[in-house]
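This report describes a structure part by part. Look at the sequence and the model before reading on.

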There are 2 protein chains.
Amino acid sequence: MINPLDENTRTALVRLLLPDLREAIARHPEEIGEIFEEIHPADGADLLSLLDDEEVRILLQHLDPAESARLLEYVEPATAARWLEEQRDEHVADIVEEMEPDDRVELLAEFEEEEQEKVLAEMQPEEREDVEELLSHEEGTAGRLMNPQFVTVPAHGTAEDALARARAGAREDWNIAMLYVVDEKGTLRGRVPLVEVLKAEADASIDSLSQEAEAVRVDTDQESVAQVISKYDLVAVPVVDLHGRIVGIVTVDDVVDILTEEATEDAQRQGAMQPLENSYFQTGFWEMVQKRGVWLLVLFLAELFTASALEHFDHVLKHALTLVFFIPLIVSSGGNSGSQSASLITRALAVGEVGVRDVLRIAGREIGMGVALGLALGIVGYLRVLIAGDSPLVCATVALTLVGVVAIGAMVGAMLPLLFKRIGLDPAITSSPFVASIVDVTGIVLYLSIARLIMGI
Amino acid sequence: MINPLDENTRTALVRLLLPDLREAIARHPEEIGEIFEEIHPADGADLLSLLDDEEVRILLQHLDPAESARLLEYVEPATAARWLEEQRDEHVADIVEEMEPDDRVELLAEFEEEEQEKVLAEMQPEEREDVEELLSHEEGTAGRLMNPQFVTVPAHGTAEDALARARAGAREDWNIAMLYVVDEKGTLRGRVPLVEVLKAEADASIDSLSQEAEAVRVDTDQESVAQVISKYDLVAVPVVDLHGRIVGIVTVDDVVDILTEEATEDAQRQGAMQPLENSYFQTGFWEMVQKRGVWLLVLFLAELFTASALEHFDHVLKHALTLVFFIPLIVSSGGNSGSQSASLITRALAVGEVGVRDVLRIAGREIGMGVALGLALGIVGYLRVLIAGDSPLVCATVALTLVGVVAIGAMVGAMLPLLFKRIGLDPAITSSPFVASIVDVTGIVLYLSIARLIMGI
């Protein structure tokens, strides 16, 4: 530990083990375990991702269930489920029982219903009940994410009692950094950091140490859970049922995963495609074609209106072919300005900086912004057309259209995410191409209408 | 705490305090403190964001420095610095001294150098040294982010010693969930979770409890720090100097902030603008015009080549004006396909799913994907042109160009982020509009070249 390796070097070093691992899988699977003893399970999971599915299946057959569980906790649940689907049900149950409660629920949720029931039937009754309880909550809610292992202390207890309970929790490998204060019904009344318990006199009352606890409900959606943990800088947030009783905690490591996952989904939506469920290379070719093709086709159909618009202005184009040269320039400028506004507002909505309530304030700002930016491009555009030796009428048409189209782009880009949010859709579908497809048609109609007006065609 | 409020309701409730707060600021500033006693500092920070700068300045003059410090820990450092710049230096020093070491360094780094020195001069010598040590590290590195307050235990100690040290650390309000094992030189040798200390017998040796510790160096950049914490599911990662001595820890709440910040920056880059330093409404109008205008102008200049390309094919267009109708359709399809690939690869690079080493594998995949998607659009395009009653030659031209342009778009979109990564630039600048501006020109040249060939113009 003299000099920690940077992540890339470390990953590269771990990958040097790959030939040995493949060799062991092919020839002496009883030695597989030794390879994983030396490395962190997160690095082990990285190695697994480089193997063929068949190799991983052999590996999981021969590895100790507890070791398999540790590795699979670091693997995407959908991938882990695929690897486990051909194992015997008892063996899967053995592995699943060794996993953290929140991780195993995520994994089991990926199984086909029939398969899930078979595995549950092989589990110990009390473990099975735990899993079934968590599975009863909807995907993407706090209830599904939470870990049911936490330490409570009665409000009338003392610091000494609390420390004893923390020790008991520690023996179970539970998270004990925060203790939750409850009344006799289990209703959450507050929280006491273990730090405060250690600082306090042994006979200090829990009541005097208790702080107000931020909490979420079992049915709170995971994005809101992430927002609460992030806003209040928490390490864990308690989850309460509809009666206010504490039933679990969601820890910050889940939030890190949620934030990463949501950012990936948003990035893919903004790139105009349906979000993938797996990583880039683990998504099948045809699945990817479909995820991309749907949006590409929708945008193509929307963009067909540009052809109709141009056909409609046939005579204008015939009269002044030179107008054609600037069509891509004009429509792209509107799209670009719209793309900026859309990404600004979509992101500001995602982090809670703005809300639908701010619609008028945003509209005012974006229209001003659009006109200012449009004027800048209009001037450059005017000069370009002038230098090309075109008539002052064409110059004026291009410049005026640029001001209009950039302003329209900014407005459309800013308003669409707010509209989608208002009607309950994800604002992130306002991708740059989506905005562009709307602004393109508008831009062409505006351009050729202005041309007709100014040039008297 | 019977039923926790959801975040939106809570925010709305807190905002009901705004008139009282404004009233207090305007008429009896000595009562400001009472308003903040009742609410969480994170909610207090939200209230501050709704006030005018002048009101916040009056508020900060009258609030107790410790209370101001708690609020400002939840405010964007750049904004907090702006609010503090007109306060007396001693008053700023009083507030800053009450802040967490990592938060105050972030804040002071936002000050003008002269102002920073004045405030440092007013601080207690030992606090000042702490700050200066952290400020000596470059922005965006682990050294700048870290908190220098952590608990170490000697490798030859016992669990009882470790618990005593944890209690001492707790009295200082340090993070004690993890204790770091060091040798006599302070070199990091491992870590012991407090949980393990509580579980162990009093005379158990630290050596026997010590686990391998993932660590980062003071000069590790913040994205890598976030990756390490996220990959290994850590609550905190120790930071070591060039000799392997532990000098601080970076906690997961910083990672949540980094991830959110980086995702915002990437979203804005992908929307084709320079990232903002402040939130949407807190960025000035002209600053925003400039951040957006630069890219808008660059893209406009790049897009000017489309005009030149069209001018070059003047005679082809004159010969068959009907070709013009499909120009926006064709260029947008190429851009959309490129936008998908760019967002996929940029994001996969950001989360470490792919690397520059995968360039050939990605290229192979994207070319196949591009051809498959291009064929789908080509067929639809062929039918559209056919129905419009255009000649089979135009139909063939449009369909063939679509296959080509979608494939080219996919390749350009996938390769650019890898190229930027390779030459040390941020892959996220490969925005949809950026890809489109390159693909647009290529698409036009391809389209009209194919037309010339097929139609024999």
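## Domains of chain A

In this predicted model, the C-alpha centres of domain 1 of chain A and domain 2 of chain A are 31 Å apart. Chain A has three assigned parts: domain 1 covers 7-136, domain 2 covers 152-257 and domain 3 covers 285-455.

Strand 2 of chain B spans residues 178-182, and four of its five residues are buried, so the strand is largely enclosed by the rest of the structure.

On one side of the pairing is strand 1 of chain B (residues 152-154), which runs parallel to strand 2 of chain B and is joined to it by three bridges. In this pairing, B:Thr152 has B:Tyr180 of strand 2 as its bridge partner. Together with helix 13 of chain B (residues 159-171), strands 1 and 2 of chain B make a right-handed β-α-β unit.

## The hairpin

Strand 2 of chain B also pairs with strand 3 of chain B (residues 188-193), here in the antiparallel sense and over five bridges. B:Val182 stands opposite B:Leu188 of strand 3. The two strands form a hairpin, with five residues between them. In the turn, B:Gly186 has a positive phi of about 90 degrees.

## Contact between the chains

How many residues does the contact take from chain B and from chain A? The contact takes 107 residues from chain B and 107 residues from chain A. On the side of chain B that touches chain A, helix 20 of chain B (residues 327-350) gives the most, with 16 residues. By class, this side of chain B has 61 nonpolar, 27 polar and 19 charged residues.

Technical notes. Residues are numbered from 1 along each chain as its sequence is written. Chains are lettered from A and ligands numbered from 1 in the order in which they are written. This is a predicted model: local features need pLDDT of at least 70, side-chain atom pairs count only at pLDDT 80 or more; totals for chains, interfaces and linings use all residues. Domain bounds come from an automatic or database domain assignment. A residue is buried if 20 or more other C-beta atoms lie within 10 Å of its own, exposed if 12 or fewer, and partly exposed in between; C-beta atoms are placed from the backbone. Two strands pair if DSSP finds at least two bridges between them. A crossover is right-handed if, with the strands pointing away from the viewer, the path from the first strand over the helix to the second runs clockwise. Two residues are in contact if their C-beta atoms, placed from the backbone, lie within 7 Å. Ala, Val, Leu, Ile, Met, Phe, Trp, Tyr, Cys and Pro count as nonpolar, Asp, Glu, Lys and Arg as charged, and the others, Gly among them, as polar.
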